[in-house]
Amino acid sequence: MITHCLKQDRGFYRETLLLMLPLVLQNLVTNFMALADTFMVGGLGEVELAAVSSANSLFYVVNLLIFGIQSGAGVLVAQYYGRGNQEAINRVMGMGYYISIAFTTVVALCAFFFPVQIMQVLTNNSALWEPGADYARIVGFSYVCMACSGVYIAVQRSMENPRLGAILLTVSGAMNIVLNYMLIYGEWGAPAMGCAGAALATLISRAFEVVVIVIYAAKNKRLRLSAGSMLRPGRQIAADFMRYSLPVVLNEGLWSLATTLFSIIMGHMDNSTPILAAYTIAGNIDKMCAVALLASGNTAAIIIGREIGRDADRDEIYAKGVALNFVCFLTGVFSMLLLLTVRATLLDSFVYPLMDISSEAGRIAKYMLLLIALVMPLRSVNLCNVVGVFRGGGDVKFALLVDVGPLYCICVTSAALCGLVFGLGIEAVYVCIVFDDIAKTFLCLPHLRRGKWINSVTRA
């Protein structure tokens, strides 16, 4: 049966690859921008790096909530695109803007007026409060801009136009790196702002994205904007958006909250400064080596959603879901080998010399990267199903259950016990963290085989 599902026509795999490549580039640029921030802030010292890492644990939640809103909208957009209903797409996009802009504005204002209080919640290391507050006070507003540009990019991506995000984020990423160099260290006549400079560079580059999106949207022929439909989405679309987007937003919110809880657990452990610095380094290197994983998941969502919108045969849709899992597994194996190669050859000779970190932080980062690499093929399959196949098929509730159930019932609980109660150290805590992908696989694959994830979410 599996062999039969893998026998797709050559055009299917070619189309999958062509949709994936721009998303890989987009993820690569986004993560490279974050890695450049890490290197440049790391050049200021381990305290500054740990401070920005702690502050970003909050904004990581915000980032994934925005991604959840965009992904939830994508569930509807992909299927309406399959039906050719542009008015409905405009209404869905309007709902996405209302929710994401309102949410990010509230977060930005809280970070501006109460940055020190936020840092005190995130870590009990007082040395990290002030530099972290300097960063949080400014960077919060970049997420308002990110919401403005991100919703439109996500809609175009769900309409099989991933190149827009890839090109725009490449340009804004390059801008961010140049501005980082100027504003963190005070080069080319700019003031040396340290952590605040990294935040301002991010804000300027995100504002640039908004300007480009406004110009592009006014001239784009693929999606004709309808101001009336966007401003007045209507009760029916609003109800559908909440039904299919809210579980995705809740999914991403709870998942990112768990990630923040891991950071808080580490921030309250003994020797927290090198642990947090290592967590930041390992996380950024992981994202660089795993850029294809999320891209393959998003590609799966586009293809499955479009096929359901076209009223394709259920057996055909199921076969495509299995074939996409195979593609994602191979992607995970390649990413694992890449990460192991980087860990073995570049960390000591190239990466660590760029930053002012302790040998203890370097040792911990190498340990974390080893565990990340070992579970990467499983993680790729889980992303394919949770972010791609199940969401694209409209089965957002099961995706929520499988993504956060093991995370909270097993991983967060055991990590807190190991790190804060039993004092077993970061080695035991990180084993608890990566166990999430092992547990998730045993839930995803049986549900994929049952085929109950195939649902139409569109209206006439």
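Predicted model: local features only at pLDDT ≥ 70, side-chain atom pairs only at ≥ 80, totals over all residues.
**Helices H10 and H11**
- Start with helix H10, running over residues 235–267, and helix H11, covering residues 272–289: their axes come within 8 Å and cross at roughly 150°.
- Angles over 145 degrees count as roughly antiparallel, so that's the label for H10 and H11.
- On the H10 side, the residues that meet H11 are Thr259, Phe262, Ser263, Met266 and Gly267.
- Their partners in H11 are Ser272, Ile275, Leu276 and Tyr279.
- Sorted by class, this contact of H10 with H11 has 5 nonpolar and 4 polar residues, with no charged ones.

**Helices H6 and H7**
- Next come helix H6 (residues 129–158) and helix H7 (residues 163–185), whose axes come within 8 Å and cross at roughly 140°.
- That angle makes H6 and H7 oblique to each other.
- Here Tyr152, Ile153 and Gln156 from H6 meet Leu164, Gly165 and Leu168 from H7.
- The class count for the contact of H6 with H7 is 4 nonpolar, 2 polar and no charged residues.

**Helices H13 and H18**
- Helix H13 takes in residues 314–345 and helix H18 residues 426–450; the two pack at an angle of about 150°, and their axes are 9 Å apart.
- H13 is therefore roughly antiparallel to H18.
- Look for Tyr318, Gly321 and Asn325 in H13, which meet Leu445, Leu448 and Arg449 in H18.
- By class, you'll find 3 nonpolar, 2 polar and 1 charged residues where H13 contacts H18.

**Salt bridges**
- In general, side chains with opposite charges can pair up when their charged atoms come close.
- Searching the whole structure turns up 11 salt bridges.
- One to find is between Glu87 and Arg91, where the closest N and O atoms are 2.6 Å apart.
- Glu87 and Arg91 are 4 residues apart in helix H4, so about one helical turn separates them.

Terms used:
Residues numbered from 1 in each chain as written. Heavy atoms only, no water. Axes fitted to C-alpha atoms, helices over the stretch in contact; angles between N-to-C directions. Parallel < 35°, antiparallel > 145°, perpendicular 65-115°, else oblique. Contact = heavy atoms within 4.5 Å. Nonpolar A, V, L, I, M, F, W, Y, C, P; charged D, E, K, R; others polar. Salt bridge = Lys/Arg side-chain N within 4 Å of Asp/Glu carboxyl O.
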